[in-house]
Every structure is written in structure tokens, then in C-alpha cells.
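This briefing is intended for reading alongside the sequence and the three-dimensional structure. The points are grouped by topic.

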Amino acid sequence: MMATILDGKALSQKLQDSLKKEVARLKGEAGGVPHLVNVMIGKEPSACAYANSQKRVAEYIGISYDLETLPANITQKDLVAFVKKLDADASVHGVMLHKPVPAHIDYRAVGNQIDPSKDMEGVNVANIGKMILGDTKIIPCTPAAVMEHIHSTGVLLRGKEAVIVGHSEIVGKPLSMLLLAEYATVTVCHIATSEAGKLTEHIGWADVLIVAVGKPALVKGDWIKEGAVVIDVGINRVGDRIVGDVEFESAKRRASFITPVPGGVGPVTVVMLMRNGIEAFKLQKRIGF
Ligand code: NDP
């Protein structure tokens, strides 16, 4: 079997086109467009690259987007005050705190200060709670991008074995809830699964496998069940190349569908951020209620 490669750039373009239409429609209905603010602390090069792609996508979709860069030595207190000011500003509809943040900043504590209705990354505890209950359209961006890739295959999750490797707060944990909401049978593997020598066994069960660890070629092609859908979230720099967590060449001979790295999940993630921003705008304008 030779897998169909899931083209993240093409999917991203398709989703951007649909959001662009929605923003044009909202402009008529609400008399304005979403205004999103990304708060970045310091100027880390990879963070700047992500912010640039956010700006490009926002411009294409027709959203207003500002990057606020704060000094690397800003105190937590001043940062919270800054976020609170954005919360109180009715012209701002979406706020995000760009990762990574310096070690002296508590990301979760500041993220929880973002008004839940303006939380465009879906990181506020209130939104995480609502997501578990299926009660919000503001969904953490990377898990949302994974779901878009799975949906694009046409494979139905109901009754399928979905195996996630990695249980981080931003990827594996929220993703497990989204898969469960579609009636997949969900297994979440992590470091202790590997330590117990059970990672290969669980992966072998997966009809749908999602790997989000950050270790190059952790998952070998011959561990994968014939015909599985494989979504590789990992981004690892190896020399001058970027690779995923799955051994791509061998995996594509087993899988039915597989995302490449780069060009798989990444390009869709940034569109999900904009989608959340649009949902936040709709919440504040009481559109769709
Ligand atoms: P974290 O480091 O927060 O989480 C990694 C997870 O992998 C942890 O749950 C860890 O378990 C688990 N893990 C580590 N080693 C093993 C192992 N040998 N076997 C099984 N599980 C293991 O990373 P993130 O979730 O933030 O990111 C994961 C990857 O996805 C990274 O490469 C990151 O760059 C990429 N990424 C890509 C995005 C995109 O849009 N494409 C967005 C976000 C991340 P434990 O905590 O128990 O040690």
C-alpha cells in the first residue's frame, strides 16, 4: 500500500477560502471584522516566523491582526495588566499569548486572565472545560488542525481505534476529547507507556494514529497497522532539515493517509487560530445565538 499524502498547504488554503467568505458575510452582518491581538514577549526567531504566518493568513482572510511585542524582562504583574487592558477594550475581539514565554512568566496563569470569550487559542480553563462538554467552538488550535486533517480523509471515527502518542496540555489531552466526541475508542500513550515497553503494541492497534511527542522518527513504519490514518504533529530540527515524529518513508508504505512534516499539520494550525478569532468575534457580537 502507498499512502495518500495529506497536503496541509492545500487544506489550509481551502479552509482560508471558506473563512474569507465568512468574514465578508460577518462584515455585512456585524458592521466590522474581527480584530485579533497576539502578545509576544521578547523576539525569539521561531516565534517571529509563526507570527509572520499568522499575519499573512489574517490579511488573506480579511481579519485585522496586531502583534504587540513586549520586553523580555516584563514582570508577570505588568503582563497581566496588559492582558486585562486588552480584555477591557471592546475593539479587540481575540487575544493570544505567544509561546514560548520566558521562564519567569507563568503561561497558564496569564492565559487564564484572557477573557474566555476572547481566548483565541482556547487555552483558558473555562474553554477547556466547555470543550470537554462539547459546549464551545473555541478549540485549541493544533488538536483542531488534526481533526480537520482526519475529516479531510473521509474516514469516520465512530468505532475506530484512535491512538494518540503524547499527552501534553496543548495537543494530546484536548485532542483525546475531540476524538471521543466523535465516538472513537481513544487510547492516550505517553512516556510511561514507552517505559512499560507497550508503545509498539498500542500503536499496532491504531486505525487512526496521532503522534505529538517531539522526538524524530520515534514511531517506526513497521509498527503501524496496514491502512491506518497517520497524523504526525511533531516538529524536529535534524541538521538543516525539519522532520516529524514518524519515520515517514517506511510509514507511507503502511498507512492509507499520512501527513508530511513540514507541510502537514502546521499550515492548518494557523488557520484554526483565525477560526477561533472569528468564533470569539461572533460570541461578542452575539451572532449565531
Ligand atoms: P510536549 O513536550 O509538551 O509533550 C510531549 C509529550 O510526549 C509528553 O506527553 C511526553 O510525555 C510524551 N513523550 C515524550 N517521550 C515519549 C516517548 N518516548 N514515548 C511516548 N511519549 C513520549 O510537546 P508538545 O505537545 O508541545 O509538542 C509535541 C510535538 O508537536 C513537538 O515536536 C512540537 O514541536 C510539535 N507541535 C507542533 C504543532 C503544529 O502545529 N504542527 C503545534 C504544537 C506542537 P511526558 O510528559 O509524560 O514526558
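Predicted model: local features only at pLDDT ≥ 70, side-chain atom pairs only at ≥ 80, totals over all residues.

Glutamate 161 has threonine 185 of β6 as its bridge partner. The sections below proceed from the strands to a neighbouring helix, the ligand and selected loop residues.

- Strand β5, residues 161–165, runs parallel to β6, and five bridges join the two.
- Within this pair, isoleucine 164 stands opposite valine 188 of β6, while glutamate 161 is bridged to threonine 185.
- Four of the five residues of β5 are buried, so the strand is largely enclosed by the rest of the structure.
- β5 and β6 belong to an open sheet of six strands with parallel pairing, in the order β1-β11-β8-β7-β5-β6.
- The edges of this sheet are β1 (4–5) and β6 (185–189), each of which pairs on one side only.
- Strands of a sheet pair through backbone hydrogen bonds, in either a parallel or an antiparallel sense.

**The pairing of β2 and β4**

- Strand β2, residues 35–41, pairs with β4 in the parallel sense over four bridges.
- Asparagine 38 has methionine 96 of β4 as its bridge partner.
- In a regular strand, side chains alternate between the two faces of the sheet.
- Both faces of β4 (residues 94–97) are covered: Gly94 and Met96 are buried on one side, and Val95 and Leu97 are buried on the other.

- The buried residues of helix α7 (residues 172–181) include Gly172, Pro174, Leu175, Ser176, Leu178 and Leu179.
- These buried residues pack against the helices α5 (125–132) and α6 (141–153) and against the strands β5, β6 and β7.
- Tyrosine 183 has a positive phi of about 65° although it is not a glycine.
- Is tyrosine 183 buried or exposed? Tyrosine 183 has a relative accessible area of 56% and is therefore exposed, the cut-off being over 50%.

**The ligand and its surroundings**

- The ligand is surrounded by 21 residues, of which the closest are His167, Ser168, Ile191, Ser194 and Thr269.
- A polar backbone atom of histidine 167 is 2.8 Å from an oxygen atom of the ligand.
- Lysine 215 places a polar side-chain atom 2.9 Å from a nitrogen atom of the ligand.
- Threonine 269 has a polar side-chain atom 2.8 Å from an oxygen atom of the ligand.
- On its own the ligand has 930 Å² of accessible area, and the protein covers 71% of it.
- By residue class, the shell comprises 10 nonpolar residues, 10 polar residues and one charged residue.

**The loop between β11 and α11**

- Threonine 259 is located in the loop between β11 (257–258) and α11.
- Why does threonine 259 count as buried? Its relative accessible area is 1%, and buried means under 20%.
- The side chain of threonine 259 reaches the backbone nitrogen of aspartate 232 at 2.8 Å.
- Beyond its neighbours up to four places away in sequence, threonine 259 touches residues including Leu6, His149, Val230, Phe248 and Val265.
- Proline 262 is also found in the loop between β11 and α11, and a cis peptide bond with omega of about 0° joins valine 261 to proline 262.

**The loop between β7 and β8**

- Proline 216 sits in the loop between β7 (208–211) and β8 (229–232) and, at 43% relative accessibility, counts as partly exposed.
- Leaving aside neighbours within four places in sequence, proline 216 is in contact with Asn236, Val238, Val243, Gly244 and Asp245.
- The C-alpha atom of proline 216 is separated by 16 Å from that of threonine 200, and the two residues are 16 residues apart along the chain.
- Alanine 217 is found in the loop between β7 and β8, where it is partly exposed with a relative accessible area of 25%.
- The phi of alanine 217 is near 55°, a positive value in a residue other than glycine.

**A further cis peptide bond**

- Most residues other than glycine have a negative phi, and most peptide bonds are trans.
- Lysine 99 and proline 100 are joined by a cis peptide bond with omega of about -5°.
- Proline 100 is in the loop between β4 and α4 (107–111).

Technical notes
Residues numbered from 1 in each chain as written. Heavy atoms only, no water. Buried < 20%, exposed > 50% of the residue type's maximum accessible area, 1.4 Å probe, protein only. Pairing = 2+ DSSP bridges. Near = heavy atom within 4 Å. Polar contact = N/O pair within 3.5 Å; in protein donor to acceptor, adjacent residues only side chain to side chain. Areas by Shrake-Rupley, 256 points an atom, 1.4 Å probe, with all protein chains shown as cover. Nonpolar A, V, L, I, M, F, W, Y, C, P; charged D, E, K, R; others polar. Contact = heavy atoms within 4.5 Å.
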